[in-house]
Amino acid sequence: MFTGIIEEIGMMKDVRKRGQTMELTIQAKTVIQDIHVGDSIAVNGVCLTVIAFDQTAFTVEVMPETYRKSSLHMLQSGSRVNLERAMSMQSRFGGHIVQGHVDTTAVLVSRVTEENAVVFTFETKERGILQYIITHGSITIDGISLTVVDVSNNLVKVSIISHTLAQTVLFDKYPGDIVNMECDVLGKYVERILLFQTEN
């Protein structure tokens with residue numbers, strides 16, 4: 001489990017693709033300080049398992065389902081990525097409950113500066129996930145815990161302060177770019193409980 005508070009921006013050192021699988025080697029500093037094989041690290045919001053590491057980088061695998069569901073297949077050597085280690089019991093819970101299980105991708109359609117913030121508007125083609133997104137609720141964009149400003153039709157709008165923008169790869173995103181989107185898991189569980197009660 002993650003919180004959506006990005007620890008650092010890593011850089012893709014090597015990208016190896018075989019069909020719809022990938023092996024990614026990512027250069028980092030903070031997240032490899034206490035790393036172990038088998039650890040979970042969120043890469044642009046996608047929970048991946050460490051299979052190897054050294055003093056400057058770690059390697060993870062991407063399976064076909066993740067390849068199809070996320071934007072990871074677009075990464076190249078030199079790409080910057082958001083990184084967060086799985087939270088510990090001693091961590092401050094600064095964001096919201098993030099699983100690292102991407103629901104869909106979305107396209108950035110506008111980026112507008114508003115005084116000390118930047119407002120991003122994303123469009124998703126999967127209308128089914130919109131029922132889990134509420135105004136002033138939480139959403140995860142490329143692993144970043146953000147508050148929804150507005151949701152209408154297929155558009156989701158968030159506002160981000162300049163500090164957070166500078167510390168994440170949203171700084172690099174402009175209209176036409178694709179991001180990973182994960183909805184708040186609480187709504188999904190509520191829906192499942194209600195459906196189960198109706199079915200039984």
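Modeller: Quick convention: buried means under 20% relative accessible area, exposed over 50%, partly exposed in between, with a 1.4 Å probe and protein chains only. This is a predicted model, so local features need pLDDT of at least 70 and side-chain atom pairs pLDDT 80 or more, while totals for chains, interfaces and linings use all residues. Residues are numbered from 1 along each chain as its sequence is written, and side-chain values use heavy atoms, leaving out hydrogens and water.

Biologist: OK, is T124 buried or exposed?

Modeller: T124 is buried, because its relative accessible area is 1%.

Biologist: And where does T124 lie?

Modeller: In the loop between strand 8 (117-123) and strand 9 (138-141). Strands here are DSSP runs (E, at least two residues), numbered from the N terminus.

Biologist: What does T124 touch?

Modeller: Not counting residues up to four places away in sequence, T104, T105, A106, I129, L130 and N154. Contact means heavy atoms within 4.5 Å.

Biologist: Switching to V179, which strand is that in?

Modeller: V179 sits in strand 12 (residues 178-183). V179 counts as buried because its relative accessibility is 1%. Beyond four places in sequence, its contacts include T104, T105 and A106, plus F122 and I141.

Biologist: How do the six strands of the barrel run?

Modeller: They close in the order 7-8-11-10-9-12, with antiparallel pairing. Two strands pair if DSSP finds at least two bridges between them.

Biologist: How many bridges link strand 9 and strand 10?

Modeller: Four, in the antiparallel sense, with strand 10 covering residues 144-152. I139 has L146 in strand 10 as its bridge partner.
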